[in-house]
Amino acid sequence: MFRHLAAAVVALAAVTAVTAAPAEAAPGLVPAADREVVFTADGTTVYGTLHVPEHRAGQRLRAALLLPGSGPTDRDGNQPPASSPDTLAQLADALDGEAVATLRFDKYGTGRTGLGAYRDRPEELDYPAFVRQARAAYASLRDQPETDPHRLLLVGHSEGAMTGLVLGGTVRPRPVGLALLQPQAIRMLDLVTLQLKAQVAEATRQGRLTPEEQRTVNAAIDAAVTSLRERRPVDTTDLPIAIAQLFEAFQGTNARFVESDDAVYPPDTAAALRPGTKVLLTCGTNDAQVPCATTNALTNALRRAQAARPGRVTLPAVDHLMHDPDHPDTLAPSVLDALRRLTRH
């Protein structure tokens with residue numbers, strides 16, 4: 001889940017297919033289309049795709065900024081060549097059905113954007129830089145001629161949900177709703193610890209580690225996290241190779257990002273939301289990366305902030321990429337239903 005810093009636009013064929021047959025649109029309607037959007041963040045030119053659903057000429061639409069998960073995740077929600085689930089592209093398709101325009105963009109280190117101004121100094125790329133990039137994207141979406149600046153939404157997946165939560169209480173105009181999909185809802189290194197210990201427990205269950213080895217590795221994980229937070233070198237002596245490599249990657253070039261991401265405790269950001277903001281928070285019962293229990297504190301914080309329903313939705317058999325066993329390559333129907341509850345509420 002946490003691979004930091006290391007898509008070309010592939011929607012042209014789809015756009016052509018839509019625009020090649022405008023006669024299919026009802027009279028007086030503008031057909032759905034994608035277009036390239038360019039904006040600037042911290043001296044970097046950022047590239048994205050604006051999808052505009054079919055609409056009446058001159059109509060101002062609800063619009064959502066789609067925010068990607070952690071690591072080098074591009075505008076479609078992919079980390080090529082290793083992972084191409086099209087998470088954000090599929091969210092854009094789903095929101096098109098609700099007449100919601102969407103903007104998705106290539107975050108730093110991906111697609112046409114690349115590292116931009118950070119190319120020669122990647123060690124300076126921290127989490128606030130990604131927040132500023134998302135803030136610039138929100139302003140770009142607000143200013144598009146087809147969007148209604150008073151009916152904007154933030155839709156984030158995983159780390160992108162945390163970014164959406166941070167933005168939700170600070171951008172102007174305030175969004176009318178947030179979708180926090182399988183969100184990073186606790187501190188980053190606490191979540192990493194939980195994930196790693198779950199993997200170690202599974203290895204013990206399978207007989208690849210003894211209970212004593214499990215205790216040793218778990219203690220080494222705790223010590224590694226403490227070292228990172230105290231800015232000390234991590235001792236990887238008692239860690240399996242894969243876990244040791246992960247903690248080594250959290251140092252050096254990525255140290256500033258890890259420290260700044262880990263500094264954010266998402267429940268604390270909820271207080272800045274405008275009372276009455278619609279918030280959808282989802283968690284999947286098959287999500288090994290963000291278990292539902294990790295969202296409890298954030299859910300309670302949102303209630304205290306008087307964020308409006310639909311609130312938290314538990315998605316049976318849904319994994320971190322929002323798939324279920326019957327839909328391994330597309331968004332699960334329960335995810336689509338939850339989005340409809342937010343957009344139609």
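In which loop does Pro-173 lie? Select Pro-173 and you will find yourself in the loop between α4 (159-168) and β8 (177-181). Helices here are DSSP runs of H or I with at least four residues, strands are runs of E with at least two, and both are numbered from the N terminus.

Before going on, a word on the model: it is predicted, so local features need pLDDT of at least 70 and side-chain atom pairs count only at pLDDT 80 or more, while totals for chains, interfaces and linings use all residues. Residues are numbered from 1 along each chain as its sequence is written, and side-chain values use heavy atoms, with hydrogens and water left out.

Most peptide bonds are trans.

Next, select Pro-80 and Pro-81. The bond joining Pro-80 to Pro-81 is also a cis peptide bond, with omega near 0°. Pro-81 sits in the loop between β5 (61-67) and α2 (87-96).

Move on to Arg-231, in the loop that links α6 (211-229) and α7 (241-249). Its phi is near 60°, a positive value in a residue other than glycine. Arg-231 is exposed, at 63% relative accessibility.

Last stop: Met-322, found in the loop between β10 (308-315) and α11 (333-344). Phi is positive here too, near 70°. Is Met-322 buried or exposed? Met-322 is buried, with a relative accessible area of 0%. Buried means under 20% relative accessible area, exposed over 50%, and partly exposed in between, using a 1.4 Å probe and protein chains only.
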